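Visitor: Please show me the structure, and let us go through the terms applied to it one at a time.

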Amino acid sequence: MSALQPIWIHGSSLGDVNALRALSAQLHERGHPLTLSASTASGRTRWEMLIDQAFFSNAESVRLSAPPLLSPLHVERSLRESRAQFLILELLELWPPWVSRWAKRGVKIIVVDGRVSARTMWARPLLSRSFASLSLFLAQSELDAERAIKMGCDPAKVKVCGDAKIDSILHSLAKSDVPADAPQKFELILGCVRPRDEASLVAGLTAYQTSRPDDRVLIAPRHLQRVHPLLKRLRRAGINVQLYSELTSLTDSSPGSIILLDQYGELATLYHHTHCAIIGGTFFD
């Protein structure tokens, strides 16, 4: 691979962009011009934050773009502007109009952190040509690899490499300034809370506070647009909750505090401050 070949890197949302951080940094350090995109507002905001924080040392070689998913003309224009020769997709962002056009132009398409759910298998007639166009599929697990092959991917181009999101969290914690023996600030963290978790969360938190009234609890919604609806829901249930952004430091929280995380990029480090965490979706997926 030439050290200067332009590469397009695309994720869906905030978590996907975080999973791509280490890979994008390594490609940037090697001199590849990068185009970065995401399907959701939270994902695009995360890319913007990384650029603003000088995560990429040479900002001139990094550009943000809207994902070219809309029309063949949009795809063609995006390809010309980026000059990308490699397209890296996180998880399973295999949009057929995008993939087919780029594959015809000779762009190498790589899926990292690849996951193929049972629901995705039902879309085989729609996605089989996209899978067949892949130059490389890096699967999270053996099951994902088997399913990718059934979906039409060349077996020789399928490798199992694990979950990049876990690697990204470990990398973030290793690079953080928080010592390994950091004092416990929360007795419980409820992370990545999804809308379907919220009813159970309110009922469970009410019971939890009854039995452990002095415990500090941190709640982190999966998407920030759920912060204020969840805040209202908790307060209607009689739960006294405070926004994380209102604290000047973690020591501001008193025993029995319920803190609602309302900022991007903080959760991985905050896991250092608890010995117990429950991840949203755990009991559904």
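Guide: A salt bridge is a side-chain nitrogen of Lys or Arg within 4 Å of a carboxyl oxygen of Asp or Glu. By this rule the count in this predicted model comes to six salt bridges.

Visitor: Why is the contact between R101 and E76 called a salt bridge?

Guide: The side chains of R101 and E76 meet at 3.3 Å, N to O. The limit is 4 Å, so the pair qualifies. R101 belongs to helix 5 and E76 to helix 4, and the two residues are 25 residues apart, so that distant parts of the chain are linked.

Visitor: What makes the bridge of R212 and D215 meet the rule?

Guide: The N to O distance is 2.5 Å, and the rule asks for a value within 4 Å. D215 is buried because its relative accessibility is 9%, while R212 is partly exposed because its value is 43%. Elsewhere, salt bridges that share partners join E76, R101 and R105 into one network.

Visitor: How do helix 10 and helix 11 pack?

Guide: They pack at an angle of about 35°, with their axes 10 Å apart. The crossing of helix 10 and helix 11 is right-handed. In helix 10, E198, A199, L201, V202 and L205 meet L230, R233 and L234 of helix 11.

Visitor: What does helix 11 lie across?

Guide: Helix 11 (residues 227-236) lies across strand 9 (217-221), strand 10 and strand 11, and runs at about 160° to strand 10.

Visitor: What makes strand 10 and strand 11 a pair?

Guide: Two strands pair if there are at least two bridges between them. Three bridges join strand 10 to strand 11 (residues 258-260), so the two strands count as paired, and they run parallel. V241 stands opposite I258 in strand 11.

Visitor: Why are strand 10 and strand 12 called edge strands?

Guide: The open sheet has five strands in the order 10-11-9-8-12, with parallel pairing. Strand 10 (241-243) and strand 12 (277-279) each pair on one side only. The twist averages 20° from one strand to the next.

Visitor: Which residues touch the most other members of the largest nonpolar core?

Guide: That core has 24 residues, and L87, L89, W102, F131, L134 and F137 touch the most other members. Among the elements that each supply at least two residues of this core are helix 4 (72-82), strand 4 (86-90) and helix 7 (124-132). Helix 5 gives the most, with three residues. Apart from this core lies another, of 18 residues, among them L188, Y208, V227 and I239.

Visitor: Why is F137 called buried?

Guide: F137 has 0% relative accessibility, and the limit for a buried residue is under 20%, so F137 counts as buried. F137 lies in strand 6. Leaving aside its neighbours within four places in sequence, F137 is in contact with residues including L92, V111, F131, A148 and V158.

Visitor: Which residues of helix 4 are buried, and what do the buried residues pack against?

Guide: H74, V75, E76, S78, L79 and S82 are buried in helix 4. The buried residues of helix 4 pack against strand 1 (7-11), strand 2 (34-38), strand 3 (62-64) and helix 5. Helix 4 is followed by R83, whose phi is positive, near 60°.

How values were computed: Residues are numbered from 1 along each chain as its sequence is written. This is a predicted model: local features need pLDDT of at least 70, side-chain atom pairs count only at pLDDT 80 or more; totals for chains, interfaces and linings use all residues. Side-chain values use heavy atoms; hydrogens and water are left out. A nonpolar core is a set of buried Ala, Val, Leu, Ile, Met, Phe, Trp, Tyr and Cys residues joined through side-chain atoms within 4.5 Å. Buried means under 20% relative accessible area, exposed over 50%, partly exposed in between (1.4 Å probe, protein chains only). Helices (H or I, at least four residues) and strands (E, at least two) are DSSP runs, numbered from the N terminus. Contact means heavy atoms within 4.5 Å. Axes are lines fitted to C-alpha atoms, for helices over the stretch in contact, and angles run from 0 to 180 degrees between N-to-C directions. A crossing is left-handed if the near helix is turned anticlockwise from the far one by less than a right angle, and right-handed if clockwise.
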